[in-house]
Amino acid sequence: MFQVPKSHPRYESLIKREKLAEGVRAGITSFQGLIAHGRGEAFDYLIGERTLPPALNATKTAVAMLLLAERPVLSVNGNVAALVPSGIVELSRFLDAPLEINIFYRTEERVRRIKEHLLRHGAPEEKVLGDKPDALIPGLEHARAKATRRGIYSADVVLTPLEDGDRCEALVRMGKRVIAIDLNPLSRTARAATVTVVDDLTRAVNNMIRLAAELKEASRGELEKFVETFDNRGNLQSVLKIIAERLTQLDIIELD
Ligand code: ATP
């Protein structure tokens, strides 16, 4: 991996790019995944590369929903595997939720490589699904409909970081509660999900791990309150309002 100097003003961002480039070299991440990340980066600039208060609120709701779930599943694609392999494995362990590899541009070779990568980062073999799909999500064409009965197909709550809009909508139609992490508050995924965390994947997963530890002691009643009072459309609107206000107040000199 290219050595990014720690003193570089865009260190965090460059490290993420390096991890994704490495993911492509290792056959884990798709080329299209790089483009998707670029779109995310543009929105991250607009929100100021930090977790906004509405995003933290959505993250808390997402964690409450996952803790309350009977069959939670965490979906993993090539960008998630490259950017936050340890984080997603830790979250899976904490929630006792399986990981299911679910990639847009599916090849069995890439699924196998992602699986090996997750195992290397400490995931137990029985907790990594997706390499032997045995069910189809209704309403999607065959390759993208593939799912695992023991995983996403039967899940009540699915965390789908960086999902595409179609599949997110199809999962919601199946009656599942879908949690998306997406920096673009305007995407179809963001609008279709039950809870959308408009935040960078790495920040969001770190926040989820921290909040899961904090909320573990909370009563079911407290967790249910978070979930019941959450309004996804309102939350997305709050993010858009922050972006709009920030843009009208930004002074180019402040950006140095
Ligand atoms: P949709 O199908 O939901 O309308 P899309 O076509 O933009 O949206 P994709 O190209 O499938 O969706 O996925 C890219 C999405 O993932 C973008 O909306 C982008 O903002 C988001 N994204 C990419 N990288 C990150 C990241 N590191 N953290 C959070 N979101 C990200």
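Which helix gives the most to the lining of the largest pocket? That is α2, with nine residues. The model is a predicted one, so local features need pLDDT of at least 70 and side-chain atom pairs count only at pLDDT 80 or more, while totals for chains, interfaces and linings use all residues. Residues are numbered from 1 along each chain as its sequence is written, and side-chain values use heavy atoms, with hydrogens and water left out.

First, the pocket itself. A pocket here is an open set of points on a 1 Å grid over the protein atoms alone, where a 1.4 Å probe fits, with protein on both sides within 12 Å along at least five of seven lines; lining residues have an atom within 4 Å of a point. The largest pocket holds about 950 Å³ of space (the volume filled by probe spheres set on the points). Its lining counts 38 residues, with Ala36, Asn77, Leu162, Glu163 and Asp164 the closest to the centre. Besides α2, at least two lining residues each come from α4 (78–83), β6 (157–161), α8 (165–173) and α9; helices (H or I, at least four residues) and strands (E, at least two) are DSSP runs. By class, the lining splits into 12 nonpolar, 15 polar and 11 charged residues, with Asp, Glu, Lys and Arg taken as charged and Gly put among the polar ones.

Now for the ligand, which sits in the largest pocket (more than half of its atoms lie within 2 Å of the grid points). Its shell has 16 residues, and the closest are Arg39, Asp182, Arg188, Thr189 and Leu201; a shell residue has a heavy atom within 4 Å of the ligand. Helix α2 (31–47) turns up again, with four residues as the largest share of the shell, and α9 (188–192) supplies at least two.

A polar side-chain atom of threonine 189 lies 2.5 Å from a ligand oxygen. The protein buries 86% of the 630 Å² that the ligand exposes when taken alone, by the Shrake-Rupley method with a 1.4 Å probe.

The second largest pocket has a volume of about 380 Å³. Helix α1 (11–25) leads its lining with seven residues.

Definitions and conventions. A polar contact is a pair of N or O atoms within 3.5 Å; within protein, one must be able to donate a hydrogen and the other to accept it, and residues adjacent in sequence count only if both atoms are side-chain atoms.
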